[in-house]
Amino acid sequence: STPKPSSAASDVYKRQGLRDALIFVLTAPWLALGPANVYKISMINRGSPMAKYIVVPPAEECQAACNIARMWGCLFWGLQAVVAGGIVAGGVGDRTAAAAKLYVGAALAVAYKEDVVREVVAAGAAVEIFVALLLLSRAAAAPRPKTA
């Protein structure tokens, strides 16, 4: 018969499962949000009824009127989708993904502080930073490969 894991070991397994589930749940929405917003910015290029809850009116007007702002918006949304795909599929290292998430979280927090975006984006900044910390935690817990 197989020995039962100790309670401490069982707790570690549960925490790692929860951490991975949180990373997935908080990352996967970017797989839809990214492409949808790239499409909106590049093809539709007009405000949405939800925009007033996300950005201040001058920011939305600026993006609608400026090709360079739309290009940067498409880059942001597209790269968020690419990073999310890498995290979900395991194609990007946790430390690299954490660096991307920390950067995005900080940039969104600064945009909120500068009154470019609304509270919902500030909450998004906090989520990005939290996911970065989860990724760093997972990276720290992963066994390191042996060097010869």
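These are my notebook entries on a few spots I looked up in this structure.

**Ground rules.** I am working with a predicted model, where local features need pLDDT of at least 70, side-chain atom pairs count only at pLDDT 80 or more, and totals for chains, interfaces and linings use all residues. Residues are numbered from 1 along each chain as its sequence is written, and side-chain values use heavy atoms, with hydrogens and water left out.

**Entry 1: Thr27.** I found Thr27 in helix α1 (residues 7-27); helices here are DSSP runs (H or I, at least four residues), numbered from the N terminus. Is Thr27 buried or exposed? Thr27 is buried, with a relative accessible area of 0%; buried means under 20%, exposed over 50% and partly exposed in between, with a 1.4 Å probe and protein chains only. I then listed its contacts (heavy atoms within 4.5 Å). Beyond neighbours within four places in sequence, Thr27 meets Ala84, Ile87, Val88 and Val131. A polar atom of the Thr27 side chain lies 2.6 Å from the backbone oxygen of Ile23. I also checked Val127: 100 residues separate it from Thr27 in sequence, yet the C-alpha atoms are 9.4 Å apart.

**Entry 2: the core.** The largest one has 9 residues, including Ile23, Val83, Ile87 and Val131. Helices α5, α6 (94-113) and α7 each give two or more residues to this core, and α7 has the largest share, with 4. Another core, of 6 residues, lies apart from it, with Val104 and Leu108 among them. I noted that Ile87 touches Ile23, Thr27, Val92, Ala97, Lys101 and Leu135, not counting residues up to four places away in sequence.

**Entry 3: Glu128.** I found Glu128 in helix α7 (residues 119-141). Glu128 is buried, at 1% relative accessible area. Which side chains make polar contacts with that of Glu128? I noted Trp30, at 3.1 Å, and Lys101, also at 3.1 Å.

**Entry 4: α4 and α5.** Last, I looked at helix α4 (residues 57-65) against helix α5 (residues 67-89): they pack at about 105 degrees, with axes 5 Å apart. The two helices are therefore roughly perpendicular. From α4, the contact uses Cys62, Gln63, Ala64 and Ala65, and from α5, Asn67, Ala69 and Arg70.

How values were computed
Axes are lines fitted to C-alpha atoms, for helices over the stretch in contact, and angles run from 0 to 180 degrees between N-to-C directions. Angles under 35 degrees count as roughly parallel, over 145 as roughly antiparallel, 65 to 115 as roughly perpendicular and the rest as oblique. A polar contact is a pair of N or O atoms within 3.5 Å; within protein, one must be able to donate a hydrogen and the other to accept it, and residues adjacent in sequence count only if both atoms are side-chain atoms. A nonpolar core is a set of buried Ala, Val, Leu, Ile, Met, Phe, Trp, Tyr and Cys residues joined through side-chain atoms within 4.5 Å.
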